[in-house]
Amino acid sequence: MPPDRVFGQIEQILRKKEDIVSPKQYHEVFEKLCSIKVYNKDFLFYYYKTAVNKLVKCKTDFKSTQQKIFTYIKGDKTVGISTTYSGLPFKIEVIKRNSDLSTLTQHLIESKTNHVKVLKQKDVKNLKR
């Protein structure tokens with residue numbers, strides 16, 4: 001398979017390297033064999049769960065696994081639900097009072113870019129010297 005071939009080539013190149021202490025060194029190897037996207041440069045992650053918790057009600061009066069139909073009208077604060085395919089949807093309010101889904105992007109919180117503990121970061125920086 002083509003991906004296996006690429007991983008094999010990457011593995012052979014990395015075996016020849018004595019020390020790799022930064023992600024940039026990995027990026028240089030990967031760029032030779034495939035296209036890469038770098039976090040915080042080419043793409044970002046966001047915590048949608050935190051943002052949604054600020055706008056959407058936590059407790060609902062229905063189980064989403066039992067519903068057959070969900071309907072939503074843009075700008076409406078309700079969702080229509082139905083447990084059968086033939087029944088008319090029953091409207092339930094899912095957004096907290098005085099909140100607006102169009103502000104969801106304003107509530108997005110970018111994730112921390114570095115989850116490594118400070119002491120570990122210092123150790124890695126000392127390796128570079």
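Student: How are H1 and H2 oriented to each other, roughly parallel or oblique?
Tutor: In this predicted model, helix H1, residues 2-16, and helix H2, residues 23-33, pack at an angle of about 140 degrees, and they are therefore oblique to each other.
Student: How far apart are their axes?
Tutor: The axes of H1 and H2 lie 10 Å apart.
Student: And the crossing, left-handed or right-handed?
Tutor: The crossing in which H1 passes H2 is right-handed.
Student: Which residues meet there?
Tutor: From H1 the contact takes in Val6, Gln9, Ile10, Ile13 and Leu14, and on the H2 side these meet Tyr26, Val29, Phe30 and Leu33.
Student: How many of the contact residues are nonpolar, polar or charged?
Tutor: In the contact of H1 with H2 there are 8 nonpolar residues and 1 polar residue, while no charged residue takes part.
Student: Switching topic, how many salt bridges does a search of the whole structure find?
Tutor: Searching the whole structure gives 1 salt bridge, in which the side chains of Arg15 and Glu11 meet at 2.9 Å, taken from N to O.
Student: Where do Arg15 and Glu11 sit in the helix?
Tutor: Both belong to helix H1, and because they are 4 residues apart there, about one helical turn separates Arg15 from Glu11.
Student: Is Arg15 buried or exposed?
Tutor: Arg15 has a relative accessibility of 63%, so it counts as exposed.
Student: What about Glu11, how does it count?
Tutor: Glu11 has a relative accessible area of 43% and is therefore partly exposed, since exposed requires over 50%.

Key
Residues are numbered from 1 along each chain as its sequence is written. This is a predicted model: local features need pLDDT of at least 70, side-chain atom pairs count only at pLDDT 80 or more; totals for chains, interfaces and linings use all residues. Side-chain values use heavy atoms; hydrogens and water are left out. Axes are lines fitted to C-alpha atoms, for helices over the stretch in contact, and angles run from 0 to 180 degrees between N-to-C directions. Helices (H or I, at least four residues) and strands (E, at least two) are DSSP runs, numbered from the N terminus. Angles under 35 degrees count as roughly parallel, over 145 as roughly antiparallel, 65 to 115 as roughly perpendicular and the rest as oblique. A crossing is left-handed if the near helix is turned anticlockwise from the far one by less than a right angle, and right-handed if clockwise. Contact means heavy atoms within 4.5 Å. Ala, Val, Leu, Ile, Met, Phe, Trp, Tyr, Cys and Pro count as nonpolar, Asp, Glu, Lys and Arg as charged, and the others, Gly among them, as polar. A salt bridge is a side-chain nitrogen of Lys or Arg within 4 Å of a carboxyl oxygen of Asp or Glu. Buried means under 20% relative accessible area, exposed over 50%, partly exposed in between (1.4 Å probe, protein chains only).
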